[in-house]
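The following exercises are to be worked with the sequence and the structure at hand. Each task is followed by a solution in steps.

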Amino acid sequence: MATQNLNETSYILDRRNYSEERGSSIDSNENAFDDMKQLINDDDGSNKSSLPWASFNFINSIIGSGVIGIPYALHEAGFFFGLFLLVLVAYITDYSLILMVRSGHISGKFSYQGIMEAAFGKPGYVLLGILQFFYPFIAMVSYNVVVGDTVTKVIIRLTGITQDSLFAKRHIIVLIATLLVTVPLCLYRKISKLAKISFLSLVCIGFILFAIFVRIGTMSEIVPPHRHAWSFFNKDIIPAIGIMAFAFMCHHNTFLIYGSMENANEKRWEIVTHISILTSLVVALLFGIAGYTTFTAYSQGDLLENYCWTDDLMNFSRLLFSIQILLTYPIECFVTREVITSSFLRNDPNVPISERTHYLITLAIVGTTYFISISTDCLGVVLELNALAAFCAHSVSISIGICQGYSAILIPQLTSSYSIHVDSEESSWLASLGAVTNPIGSILSGLLAEYFGRKRSIQISSVPFLAGWLCIALADNITWLYVGRLVTGIAAGMSSACYTYVSEISTPENRGILQSLGPICASFGILLTYTLGYFLSWSTVAFVSVSFSLFTLIAVEFLPESPSYLIKAGLHSKAFDSYFWFRRNVAVAQTEISKHSPIEKIESSAKEIYFSAATIKPFLILVTLFFLQQLSGIYTILFYAVNFFEETELELDNYVSSIILGVIRFAMSMVTAILVNKFGRRLLCMASSGGMSVTMLAMVVYFKYYEIYTGESRIFPVLPLICVILNVMFSMVGMLPIPWILVGELFPLEVRSIMSGIVICIAQCFVFLFVKIYPDMIHHLNFSGTLVTFLLAAVVALFFCKYVLPETKNKSLQEIEDYFKRKKVLDEGFCPEVTKNEGIFTVQIQNL
């Protein structure tokens with residue numbers, strides 16, 4: 001008997017031998033069911049769920065908040081083909097959920113991380129653990145944001161209070177919901193306790209669906225016809241599949257639900273899965289058909305946003321929807337907490353965590369999601385397609401980061417290699433070729449974005465990345481390595497069009513955080529390179545890098561072209577379609593079009609355009625800002641950080657020190673994304689340069705002292721390490737990422753792509769210049785004198801940002817352009833005829 005060595009409390013089912021009954025090859029050692037025991041950890045089974053109650057929990061976790069996006073998904077894919085895709089996604093989800101539990105029985109690992117470890121080893125366990133933590137964590141943040149944005153509007157409408165009232169403040173509403181609903185529910189230790197709460201959540205969904213059906217008759221009569229309303233097939237099937245897959249996302253909860261069932265086995269799990277998926281599919285179909293029948297091609301990503309805020313029935317539905325996602329929140333919290341206890345705390349699966357630890361972890365999770373959610377002003381950044389489009393465009397920055405960090409793993413491995421051995425001169429060329437050719441690519445980027453469009457420019461830059469990484473991966477001599485580094489260096493410069501593209505598709509409110517995805521992706525690429533280089537060979541890392549180039553090339557193909565570029569090209573109809581894709585609102589799309597129209601037809605020479613105040617002023621500001629950025633030592637410290645680590649006299653491997661620096665950069669780039677919309681560009685640059693000045697001053701005093709008193713032993717050798725870490729952290733808050741963000745914001749539309757390419761070209765020349773002359777500065781000025789130069793530049797940058805740098809937070813690109821033209825008001829242009837009917841906005845499209 002395969003399980004004879006197991007004691008009776010090790011069984012996860014109803015004390016029957018499922019190895020014989022189901023034919024599964026469960027491990028025979030006594031730790032085979034450790035993962036499952038941690039999830040249930042019951043002595044008597046009194047906290048188990050029957051099949052119906054387990055199904056309620058599962059249905060609640062499946063439906064979540066994604067169901068309200070189904071009508072929009074049907075519009076993206078075509079109504080009839082969309083229905084087919086919805087059924088297909090449900091079927092695949094059903095099959096995969098059954099397969100997961102079956103895999104658990106085969107491997108003896110009853111957790112998502114466990115079966116990944118059984119299949120892919122430790123890397124699979126770590127990767128899945130990270131994803132398993134972040135997905136539900138981000139979902140909880142988004143749930144809080146939904147509640148804050150929705151409930152405040154409903155309260156204002158239903159009670160008539162002013163926006164200045166205490167209960168009209170989103171952070172107060174989220175706090176009340178957190179204290180009264182989410183905290184008490186999340187403190188449960190057993191997910192089976194949430195079954196009745198899940199049933200209440202489904203009741204809320206039922207009433208919302210009822211209200212949508214009630215409004216079909218009144219709303220469908222006033223929605224204008226659309227020529228593509230009942231198309232069988234549309235080309236945007238990839239976004240549609242993404243929305244549907246999001247609506248059926250529940251795999252991270254699978255083993256929690258399975259562990260909560262009475263007499264859990266594969267057969268009973270199949271019943272729960274079939275019931276849950278079928279019920280969720282019916283609900284999704286009803287939402288999709290009713291919503292799309294009402295609004296057809298005008299369906300928005302959030303169906304409830306289609307209805308007027310004066311409709312009290314739908315306002316009540318919005319309130320119920322907020323309650324429903326609050327009741328879904330605890331299920332996500334259970335998953336996040338389980339990952340922390342099993343993966344990060346490495347808690348013994350046989351011993352439940354203490355009550356104190358349970359409370360501390362739960363309150364830490366809920367509290368963190370609360371503070372993040374109240375720092376985000378609108379739901380758009382969290383859920384809208386703009387964020388997805390921005391990520392796809394900025395994904396090219398991952399390749400840039402890999403290119404920047406690649407020499408740090410390539411050269412050490414080649415130095416000790418027998419296949420391709422390099423000397424110091426060849427190493428210098430391998431390092432510099434990845435950067436010296438960047439300016440060439442930047443000029444090409446501006447030209448490509450101007451004549452082929454922003455979207456095509458990003459895609460074209462992926463081609464040399466592909467070619468370059470393949471040359472490196474397949475290289476058998478130094479020549480091919482030179483070629484690969486040269487080509488990837490040019491590609492890194494060509495990729496700068498992503499900043500222009502993202503600035504033109506974003507709203508003023510979310511442009512900062514979406515542009516911050518560029519530095520985040522670049523920092524991720526650098527960190528990934530350092531980490532992979534620690535485990536893998538340089539050629540394998542190059543092969544891995546090919547996948548990111550392919551992702552960018554393919555993903556960007558499914559995005560619309562920048563509407564600003566289309567307007568500049570005179571393609572107003574396509575520009576409207578592009579704005580509608582990004583805004584998902586007809587009236588908003590038409591209003592955006594009106595801001596650009598009509599483009600002035602006054603003939604101007606190239607000299608008048610490129611030497612106008614609106615072009616020269618931002619050019620001088622950006623070039624000065626980049627010059628101060630480089631003179632303050634930001635990139636020099638990053639390139640020579642290992643030297644600073646060596647000064648601490650700590651015995652750190654070069655790879656480890658590089659990884660530490662990469663983690664700091666990546667973490668701080670995400671912090672910047674949160675802060676940039678909260679405090680603005682100028683304030684962050686001032687704080688950044690100020691912090692860099694303080695850390696640099698500390699290093700100047702320290703090293704100057706020991707240059708004077710060379711015979712004394714250093715009493716605090718770790719100080720340089722602390723100062724370098726703090727300097728990098730402060731630089732990532734503002735002075736490193738924000739100049740790159742401003743490149744896509746400050747220039748007028750007529751010259752934006754060309755001038756952005758020129759400025760980035762100059763900035764990359766600065767990077768190469770200051771990194772190159774750093775050893776000469778050390779030779780002529782000594783180490784402390786070089787640090788004094790960095791200190792003075794940071795101080796000058798502080799005053800420059802204070803008195804010269806304009807603030808672009810919450811400013812449209814047109815407002816920024818008018819600022820440099822010193823216009824009092826925006827030019828009057830074409831105004832669309834917008835009418836607001838009872839339920840939705842409709843727009844009469846003119847002159848497109």
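**Exercise 1.** Determine the handedness of the crossing of α19 and α20, and classify their relative direction.

*Solution.* The crossing of α19 and α20 is left-handed, a term for a near helix turned anticlockwise from the far one by less than a right angle. Next, take the axes, which are lines fitted to C-alpha atoms over the stretch in contact, with angles from 0 to 180 degrees between N-to-C directions. The axes of α19 (residues 454-473) and α20 (residues 478-494) come within 8 Å and cross at roughly 165 degrees. Therefore α19 is roughly antiparallel to α20 (over 145 degrees). Helices here are DSSP runs of H or I with at least four residues, numbered from the N terminus.

The model is predicted: local features need pLDDT of at least 70, side-chain atom pairs count only at pLDDT 80 or more, and totals for chains, interfaces and linings use all residues. Residues are numbered from 1 along each chain as its sequence is written, and side-chain values use heavy atoms, leaving out hydrogens and water.

**Exercise 2.** State where Asn 144 lies, and decide whether Asn 144 is buried or exposed.

*Solution.* Asn 144 belongs to helix α6 (residues 112-159). Its relative accessibility is 3%, and buried means under 20%, exposed over 50%, with a 1.4 Å probe and protein chains only; Asn 144 therefore counts as buried. Finally, Asn 144 and Ser 322 are 178 residues apart in sequence, yet 8.9 Å apart in space, C-alpha to C-alpha.

**Exercise 3.** Locate Tyr 451 and classify its exposure.

*Solution.* Tyr 451 is found in helix α18. With a relative accessible area of 60%, Tyr 451 is exposed.

Note on methods. Helix = DSSP H or I, 4+ residues; strand = E, 2+ residues; numbered from the N terminus. Parallel < 35°, antiparallel > 145°, perpendicular 65-115°, else oblique.
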